[in-house]
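Please look through the structure below before reading on.

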Amino acid sequence: MTLDDTTADVWLPISVDEIEGLPEPGASGLNYRFWDGGPDFPADPARCAFYVVPYMKGSEIAVRPLSGMTSVRAVQTLSAGIDHVTPGLGLLRPGVELCNAKGVHEASTAELTLALILASLRGIPGFVRGQDAEEWRAGFYPALADKSVLIVGYGSIGAAIEDRLAPFECARVVRVARSARTTERGPVLPLSELPALLPQADVVVLSTPLTPETHHLADTAFLARMKDSALLVNVARGPVVDTAALLKEVENGRIRAALDVTDPEPLPPGHPLWHAPGVLVSPHVGGSTSAFMPRATRLIAAQLTRFAAGERLANVVLTT
């Protein structure tokens, strides 16, 4: 990928002043435009060569300018998932590279995963309610130590989750991904082995991308295979779990759940998940922490440096 002699627009959802290391405007052949999903575009979309998608603004905003981006060469998300952009890929000309934000969210999402596991097992939500009611809710609670953890979706986030599980003396950590492979920590098993693995896991963590294959992966059959009292943790995407099937399992008390993502999302007032027994809900904050901005800006600067130099971009997940 090389730039021609004309200046090409780059649409950024973060102010240029907040991004260190960007190629110099003009001299690099790049002209920076700020757009964070507002109603008015910052310039003619047809002039945009590199589009950084606004973060956490939803699919409608993410894809809105794509039909007019007739000269775009790269689309960069600031999320690990790309499902909010894929509905608009058919609007793009062939050869556009779609890049995800690998390296940006691993630390934050893995932190939250551990927080959800520990809070759910150790009864933290009940302690908070007890404090509000001035009740001393002593008792014995499950520990993470000696538990078997199954990570479904073993990409960079899944690996970061296992890194943080290491000090907790788990009985074992089992890794599952779309296809089998070997890592430094041990084998990664294929999704086809899930039916045999689910009954052995005390904690099942979902960190898989949302694709047609993983939509409702955690369905009635999946949940029925989980052992009694097991904990399901979803830090992937809401539709990876069949909400109706999950509600049946948690309402009878057979399993518990900790959900950073839900379907629907945001979870509307009155939805039964809010008050379902044994369910802890956080409002999709896996990546929304103080760790986001420094990692996101480093990624943007590095990608645009490569782009201006005509070098291959990192994190390319598909080409239209």
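A residue is called buried when its relative accessible area is under 20%, exposed when that area is over 50%, and partly exposed in between. Val-128 has a relative accessibility of 44%, so this residue counts as partly exposed. The model in which these values were computed is a predicted one. Val-128 belongs to helix H3, which covers residues 124-132. Together with Ile-124, Phe-127 and Tyr-141, Val-128 makes a nonpolar surface patch of about 320 Å².

Charged side chains give another view of the model, with a count of 10 salt bridges. One of them pairs Asp-36 with Lys-57, whose closest N and O atoms are 3.0 Å apart. Asp-36 is partly exposed at 28% relative accessible area, and Lys-57 is partly exposed at 35%.

A further salt bridge joins Asp-202 and Lys-227, at 3.1 Å from N to O. Asp-202 lies in the loop between helix H5 and strand S10, while Lys-227 lies in the loop between helix H6 and strand S11, so this pair connects parts 25 residues apart in sequence. With a relative accessible area of 17%, Asp-202 is buried, whereas Lys-227, at 27%, is partly exposed.

Arg-137 and Glu-135 also form a salt bridge, with an N to O distance of 2.9 Å. Arg-137 is partly exposed at 35%, and Glu-135 is partly exposed at 44%. Finally, salt bridges link Asp-228, Glu-249 and Arg-254 in a network.

Terms used. Residues numbered from 1 in each chain as written. Predicted model: local features only at pLDDT ≥ 70, side-chain atom pairs only at ≥ 80, totals over all residues. Heavy atoms only, no water. Patch = residues over 30% accessible without salt bridge, like charges linked within 9 Å, V, L, I, M, F, W, Y side chains within 5 Å. Areas by Shrake-Rupley, 256 points an atom, 1.4 Å probe, with all protein chains shown as cover. Salt bridge = Lys/Arg side-chain N within 4 Å of Asp/Glu carboxyl O. Helix = DSSP H or I, 4+ residues; strand = E, 2+ residues; numbered from the N terminus. Buried < 20%, exposed > 50% of the residue type's maximum accessible area, 1.4 Å probe, protein only.
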